[in-house]
Structures are given as C-alpha cells and as structure tokens.
Amino acid sequence: MDETDFWKIIDSTRVAAEGDPEDHADLLVERLLQRDPDSVLDFARHFEVRYNRAYRWDLWGAAAVLLGGASDDAFDYFRCWLIGQGREVFEGSLHDPDNLAELLDEFDEEIDGDGEELGFAADEAYEQLTGAVAPDLGVPAQAPEPEGSPIDFEDNDVLADRCPRLWERFGA
C-alpha cells in the first residue's frame, strides 16, 4: 500500500461516515478487512508515521484552542482524528496549525477532535483477519517530547498569539 492508497481509504471511509468519528472507525475496519494482512500492516505503518509526525507543541496548542484544553490523551485522540480528516487538512495543519481555521468547515467539540477509535482500526482489522495481535510495525518510536517549543495551554493570550485565526474562529 502506498501513500495515495492510504489517503484514499481514509477519505472514502470519512465521507461514508458523514463526519462521525466512531462510524468512520467502524467503516475503516470494514474496509481494511477486505485487504490482506500485509496491506493492513502497511496501512498501520502509514497511520503511525503520521501520528508521530503530528507530535508537536504548536499542533497541541491548536488542539487546545479547538477542544477548550487538551490533556495528553485528548491530544493523542486529536492526532488520530486529524489524520482522519484527510491529507489536505493533515498536511495543511502540519505546515501551520493556524491553517485549521480555514481547513475546517466547522468544529463541534462534542463530536469532532476525538479519533481514538481510528487509532485502533488497523489493529482490530489485523486481529480479525489473523487471530493474532499485530506485530511491531518497525516504525521509529514517538519522540519522548513533542517537537518545538512548549506552550502554556492555560494562557489564552499565548494560544491566541500562536494561532490567531484559529483563536478568532474557535477560541473561548
């Protein structure tokens, strides 16, 4: 599976789920079950690499603006959700997290921002296909600390300064 195939699967299942992250995860598992186990592991590698790339302080700040705060777990789930939004949103937010102000049509913190189940979709599909837990993917581990300079998520002025467009549209 190449990167184009990865994003096609993400996009088609997101569209079919009509924006519901839980439905998106279910549809993703169903789609992956149509593939062979090696393809599912390839998908998992693509997902994990992007998940690790998004481990950045500036993106965590954007998540804090959108979610009204973001714990470690909330940021983990946000990164999964962000991958689930597709290549344009994901790459645009990595280029500059403040781009999310234009890349997101809307954001409902009750529904959006939590893609926890998306992060487990490949593991679930692999286990259903093989009856075994997915092996180590051979992907470098996530860095011990996010990339970039730490942000004080409790300081609204800092968040507004770091992501002015996002703050104006979605901030407290």
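Is Cys163 buried or exposed? Select Cys163 and see: this residue is buried, with a relative accessible area of 4% (buried means under 20% relative accessible area, exposed over 50%, partly exposed in between, with a 1.4 Å probe and protein chains only).

Before going on, note that this is a predicted model, in which local features need pLDDT of at least 70, side-chain atom pairs count only at pLDDT 80 or more, and totals for chains, interfaces and linings use all residues. Residues are numbered from 1 along each chain as its sequence is written, and side-chain values use heavy atoms, leaving out hydrogens and water.

Next, select Cys80, which is buried at 5% relative accessibility. Its sulfur lies 20 Å from the closest cysteine sulfur, in Cys163, too far for a bond. The disulfide count comes to zero, where a disulfide is a pair of cysteine sulfur atoms within 2.5 Å.

Now for the largest nonpolar core, with 53 residues. Such a core is a set of buried Ala, Val, Leu, Ile, Met, Phe, Trp, Tyr and Cys residues joined through side-chain atoms within 4.5 Å. Pick out Phe43, Phe78, Leu100 and Leu166, the members that touch the most others. Then colour helix α4 (residues 57-67), which gives the most to this core, nine residues. Helices here are DSSP runs (H or I, at least four residues), numbered from the N terminus.

Zoom in on Leu100: beyond its neighbours within four places in sequence, its contacts (heavy atoms within 4.5 Å) include Ala62, Leu66, Phe78 and Leu166.

Finally, go to Glu18, in the loop between α1 (3-17) and α2 (21-32). Glu18 counts as exposed, at 71% relative accessibility, and its phi is near 55°, a positive value in a residue other than glycine.

Definitions and conventions. Helices (H or I, at least four residues) and strands (E, at least two) are DSSP runs, numbered from the N terminus.
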